[in-house]
Amino acid sequence: NFWATWCAPCRKEMPMLSELQSELGSDKFAVVTLATGRNPPPAMKKFFNEIGVDNLPLHRDPKSKVGNEMGVFGLPVTLIIDPAGNEIARLPGDADWNSDSAKDILSALIK
């Protein structure tokens, strides 16, 4: 998930991604977060603390190199990557990761 500290939709979506990690996280599935652009580590930690997220990584892409290479042009953007490293799905904008349909799709992909 590509996000930023200044991104309002990211603030809404990140707790759902945290819950998804709690429910589905395993050796076959992980939610990986990557703050792209100018996101100082203290601001990232503050963002996570304010929204009650403590189980997701705080990776940074300060020059948006990875974001640009992955074709990320707005935030948030979630990519689903298979074990071989291939992108199999992309969802621009915030999503309802708490929905049964989202969890069903991810569960099917994990199997």
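Which backbone oxygen does the side chain of Thr33 reach? Keep that in mind as you move through this predicted model, in which local features need pLDDT of at least 70, side-chain atom pairs count only at pLDDT 80 or more, and totals for chains, interfaces and linings use all residues. Residues are numbered from 1 along each chain as its sequence is written, and side-chain values use heavy atoms, leaving out hydrogens and water.

**Whole chain.** Show the cartoon. You will find four helices and five strands, taken as DSSP runs numbered from the N terminus (helices H or I, at least four residues; strands E, at least two). Their order from the N terminus is β-α-β-α-β-α-β-β-α. The C-alpha trace spans about 35 × 30 × 25 Å along its principal axes. Of the 111 residues, 40% count as buried, meaning under 20% relative accessible area with a 1.4 Å probe, protein chains only.

**Thr33.** Select Thr33. This residue sits in the loop between helix H1 (8-24) and strand E2 (34-36). Thr33 is buried, at a relative accessible area of 0%.

**Its neighbours.** Now select what Thr33 touches (heavy atoms within 4.5 Å). Leaving out residues up to four places away in sequence, the set is Asn1, Trp3, Met14, Phe48, Leu56, Pro57, Leu58 and His59. Pick His59 from that set.

**Pro57.** Finally, show the backbone of Pro57. Its oxygen is the one that the Thr33 side chain reaches, at 2.2 Å.

Terms used:
Buried < 20%, exposed > 50% of the residue type's maximum accessible area, 1.4 Å probe, protein only. Polar contact = N/O pair within 3.5 Å; in protein donor to acceptor, adjacent residues only side chain to side chain.
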